[in-house]
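Subject: Structure handover

Hi,

Here is the structure I promised to pass on.

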Amino acid sequence: MTSSHILERSVKSLPLKWYYDDKHHTKEVSKIWSKEWFYACHENALKEPLSYITVNIDNFNVVVLRDKNNSLVAYINTCRHRGSILCKEKQGKLKSNLLTCPYHQWAYNASDGRLIKTTSIIDPKNFKKSDHSLVKVKMKVWHGLIFLNFNNKAKWDLKKVFVDYSSAFNKLNVEDYEVGHVWSKTINCNWKIFWENYSECLHCPNLHPELSDLVPLYGRRLVDIKDDPQWKKFINEKDPKFQGGLKNGAETWSMDGSAQGHKTKYLEDQKDFPGYIYMTTWPSMFLAIFTDHIRTVRILPLGNETTEVTAEWLFTSKTINDKNYKMKSVVDFSVTVMEQDGEACELNQKGVHNPSIKSGVLMPEEYEIKKFHDWLKRKI
Ligand code: FES
Ligand SMILES: [Fe+2]
């Protein structure tokens with residue numbers, strides 16, 4: 001969340017119907033999810049040759065895999081025979097460099113998607129295997145982060161992909177980070193509700209007591225010191241409540257605030273590093289960068305009122321291999337916060353079905369939500 005101006009006037013939020021209406025959801029899937037880059041996983045989640053993950057977006061299913069030659073590739077996870085799903089699990093490992101359909105066992109080359117064999121007694125004369133290859137999904141591996149796009153003509157443009165981009169990211173060699181932990185949860189809310197929740201801290205003291213203690217500015221319901229119109233008055237205050245950043249003595253987002261060593265020197269040396277940096281890419285992901293780890297959070301709609309949230313905790317290999325490192329302390333802290341947010345999102349979703357209320361309203365601190373809504377409206 002970068003600094004921005006608070007809203008001078010309250011503005012209408014999106015029509016409440018947009019959070020549950022099937023027709024509207026279909027529109028968002030075709031105008032946004034079928035066209036924008038979305039995040040799959042860190043490439044080290046697919047470290048071993050033949051390992052794969054499957055990714056669901058609404059009714060689409062994609063399989064992302066590393067083939068026997070170590071190349072990454074993604075396909076629509078649908079058999080070209082009669083449309084069965086190919087890989088059934090969320091993650092797994094192929095037995096060979098073949099994708100074999102669990103239904104009638106057509107087999108495809110995992111490296112290029114070519115149909116290798118059918119199981120019919122004879123292939124008809126007018127049947128050409130080459131007409132029935134798997135459908136590739138466009139992929140961009142950027143600093144080790146795998147992004148996909150259903151639009152095969154899509155171009156990767158960093159300036160358009162990331163809303164909030166931090167150049168600090170370039171110095172971190174994120175491609176070398178290891179995936180220490182993955183957590184996933186299905187939340188009963190529209191995907192936009194999750195983003196809105198992420199974009200403000202009006203709810204922080206109420207819903208996140210632990211986080212509001214760790215980041216005292218959040219306890220004031222603010223994400224940026226300049227969100228307070230009186231901020232200049234506090235410019236010389238040392239208290240992180242007014243300056244932002246972690247509470248005194250804390251080093252990272254963890255249960256006790258400690259970073260257990262292996263801090264990134266580059267970040268440590270930054271004088272104005274507040275202890276966390278956020279990078280956002282709509283519609284599917286944000287990154288939270290800390291001195292000792294990076295967390296990716298992927299947000300994908302499973303339907304118009306169901307959202308899958310998946311977090312990866314990335315650590316340097318030095319940290320991963322340190323037996324004394326308390327990874328659990330880092331993971332548990334963020335899970336606590338994300339569970340609290342998940343609950344709030346579900347409450348929000350439950351309330352939107354109300355034909356007598358057409359839309360809500362955005363207050364001054366909700367400028368980031370306004371930006372998100374403006375982006376969304378442009379896209380659809
Ligand atoms: S549907 Fe895949 S082999 Fe028949
Ligand atoms: Fe929150």
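This is a predicted model: local features need pLDDT of at least 70, side-chain atom pairs count only at pLDDT 80 or more; totals for chains, interfaces and linings use all residues.

Residues are numbered from 1 along each chain as its sequence is written, chains are lettered from A and ligands numbered from 1 in the order in which they are written, and side-chain values use heavy atoms, leaving out hydrogens and water.

First, the metal. The iron ion (ligand 2) has His-203 (NE2), His-208 (NE2) and two OD atoms of Asp-341 as its protein donors, at 2.0 to 2.8 Å. Donors here are N, O and S atoms within 2.8 Å of the metal (3.2 Å for Na, K and Ca), and with water not among the atoms, sites may look incomplete. Along the chain the donor spacing reads H-x4-H-x132-D. Both His-203 and His-208 are buried (buried is under 20% relative accessible area, exposed over 50%, partly exposed in between, with a 1.4 Å probe and protein chains only).

Next, the domains. The assignment gives domain 1 (1–36 + 158–380) and domain 2 (38–155), with bounds from an automatic or database domain assignment. Their C-alpha centres lie 31 Å apart. In contact across them are 31 residues of domain 1 and 25 residues of domain 2, where contact means heavy atoms within 4.5 Å.

Lastly, the backbone. Trp-282 and Pro-283 are joined by a cis peptide bond, with omega about 5°, and Pro-283 sits in the loop between β13 (277–281) and β14 (285–289). Asp-58 has a positive phi, near 50°; this residue is in the loop between β3 (51–57) and β4 (60–66) and is buried, at 15% relative accessible area. Gln-105 also has a positive phi, near 65°, in the loop between β7 (98–100) and β8 (107–109), but Gln-105 is partly exposed at 47%.

Cheers

Notes:
Helices (H or I, at least four residues) and strands (E, at least two) are DSSP runs, numbered from the N terminus.
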